Amino acid sequence: MSASKRAVKTPFEGPFKELCIEYLRMKELRGCKPKAQRYGLISLNRHLVEVCGHTDVSITAEDVDTWVLQAETKHGREKRFSVIDQFADFATSKGYDGIYRGDFRQYGGAPRFEARVLDDGEVASFFAAADAVERIPQAVVFDHSTLFPLLVRILYGCGLRVSEGIGLKTDDINFETGAISVLDSKNGDSRLVYASDTLMAAIERYLGVVNAVVGDGFLLRGIDGRMYSRHSAEKTMRRVCAAAGLAGDGQQPLRLHDLRHNFAIRAMERMVDEGFDLYATIPYLCRYMGHKDVRSTEYYIRLAPRGFSRVTDRMSEFAPDLIPDMEGGMR
């Protein structure tokens, strides 16, 4: 098979499928790297079909906004705008109507994508909906009814990034101390986080359900041993949020990454409740979460809404007052 044909064998779907394939061929003929182009286009196609719900080839101003503003940095927004702008230009050149092209200048200084912060009632509703996920008979690789509830508990309970959560291996967990090793994280560092008693119990129940043992590869994995798919988890997240009443309704939709934000806010709320000097202790939280500097951690202070509910956590020998506890079991 030629390199050209291999380059366009991608998981596109919906009304944009043929246009995406043709667009990649054009880019490759112009000397662009197919791998870099393909990655952004696959993500954009999923956004237009699964998030925006398009059944025909069209792009609206809202589509551009929601796509671009998912990025949390100016550089990220610029890259996302470039992807959708070039694809929109190509679609227009092919004679498609109803294709909106935004103004690059409006996104260079666009506000950050704000995280959704949950109150106690919303947290309870979210985990109840996560525990109620049913196994889809066709989904033979990933059993979301067991994988997803544990993933969201790890993200919320330890403040991990999504990639760190799905990348955990069974031998990264010390079952005696509750310490979890996060290796080679976003900033190239490794660190330890600590799971609460309820989270450790959930992990042990999960291992019993899937008949896994320590040293047996990825913690969250399919029946063939492969790492849990982030794309599959995000699709399940949308279904769970809809069931929990957290799909939007005029507010920011809840993302998997927002569970990390919620962890940070609840940790800082707890420190305030216990009388700690927030700015004296925030460097510890910075290190715990794997941030490059304290400015990234301080950003979470601005996310906390007025009157945010306090959560009483147990005192941990290893990371005092930082670990949100969770009620509810695993399926």
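Rings of Phe, Tyr and Trp, the last taken by its six-membered ring, form a pair if their centres lie within 6.5 Å. In this predicted model, ring pairs of that kind link Phe16, Tyr23, Phe87 and Phe90 into a cluster. The structure holds seven aromatic pairs.

The overall composition of the chain gives the setting for these details. The protein chain contains 14 helices and two strands. Of its 331 residues, 48% count as buried. Among the contacts in the chain with a separation of 6 or more, 69% are accounted for by residues 24 or more positions apart.

A pair of aromatic rings is described by the distance of the centres and the angle of the planes. Phenylalanine 263 and tyrosine 288 lie 5.7 Å apart, centre to centre, with 15° between the planes. Planes under 30 degrees apart count as stacked, and the pair of phenylalanine 263 and tyrosine 288 is therefore stacked. The pair links distant parts of the chain, 25 residues apart: phenylalanine 263 belongs to helix α12, residues 258-273, and tyrosine 288 belongs to helix α13, residues 278-289. Both partners fall under the 20% limit for burial. Phenylalanine 263 is buried because its relative accessible area is 0%, and tyrosine 288 is buried because its value is 6%.

Aromatic rings also meet charged side chains. Arginine 80 lies over the face of tryptophan 67, at 4.0 Å from the ring centre. In a second case, the charged end of lysine 169 sits over the ring of phenylalanine 218, at 5.4 Å from its centre.

Leaving aside neighbours within four places in sequence, asparagine 45 is in contact with Phe12, Glu13, Phe16 and Cys20. Of these contacts, Phe16 is also a member of the ring cluster. Isoleucine 21 is found in helix α2, which spans residues 17-29; with a relative accessible area of 12%, isoleucine 21 is buried. Its C-alpha atom is separated by 9.6 Å from that of leucine 41, a residue 20 positions away along the chain.

Tyrosine 96 lies in a loop, between α5 (74-93) and α6 (105-108). Is tyrosine 96 buried or partly exposed? At 35% relative accessibility, tyrosine 96 counts as partly exposed, because the value falls between the 20% limit for burial and the 50% limit for exposure. Its contacts, apart from neighbours within four places in sequence, are Leu19, Val57 and Ala91.

Attention now turns to a pair of helices. Helix α8 (residues 144-158) packs against helix α11 (residues 230-244) at an angle of about 85°, and the axes are 11 Å apart. Angles of 65 to 115 degrees count as roughly perpendicular, so α8 is roughly perpendicular to α11. On the side of α8, the residues that meet α11 are His144, Phe148 and Leu151; on the side of α11, they are Ser232, Ala233, Thr236, Met237 and Val240. By class, this contact has five nonpolar, three polar and no charged residues.

Apart from neighbours within four places in sequence, alanine 233 is in contact with Phe148, Leu151, Tyr228 and Leu256. The C-alpha atoms of alanine 233 and phenylalanine 148 are separated by 6.6 Å, although the two residues are 85 positions apart along the chain.

The loop between α10 (197-210) and α11 contains glycine 222. Glycine 222 is buried, since its relative accessible area is 7%. Which residues does glycine 222 touch, not counting residues up to four places away in sequence? They are Val141 and Phe142. Glycine 222 and valine 141 are 81 residues apart in sequence and 4.9 Å apart in space, C-alpha to C-alpha.

Terms used:
Residues numbered from 1 in each chain as written. Predicted model: local features only at pLDDT ≥ 70, side-chain atom pairs only at ≥ 80, totals over all residues. Heavy atoms only, no water. Axes fitted to C-alpha atoms, helices over the stretch in contact; angles between N-to-C directions. Helix = DSSP H or I, 4+ residues; strand = E, 2+ residues; numbered from the N terminus. Parallel < 35°, antiparallel > 145°, perpendicular 65-115°, else oblique. Contact = heavy atoms within 4.5 Å. Nonpolar A, V, L, I, M, F, W, Y, C, P; charged D, E, K, R; others polar. Phe/Tyr/Trp six-rings, centres within 6.5 Å; stacked < 30°, edge-to-face > 60°. Buried < 20%, exposed > 50% of the residue type's maximum accessible area, 1.4 Å probe, protein only. Lys NZ or Arg CZ within 6 Å of the ring centre and 35° of its normal.
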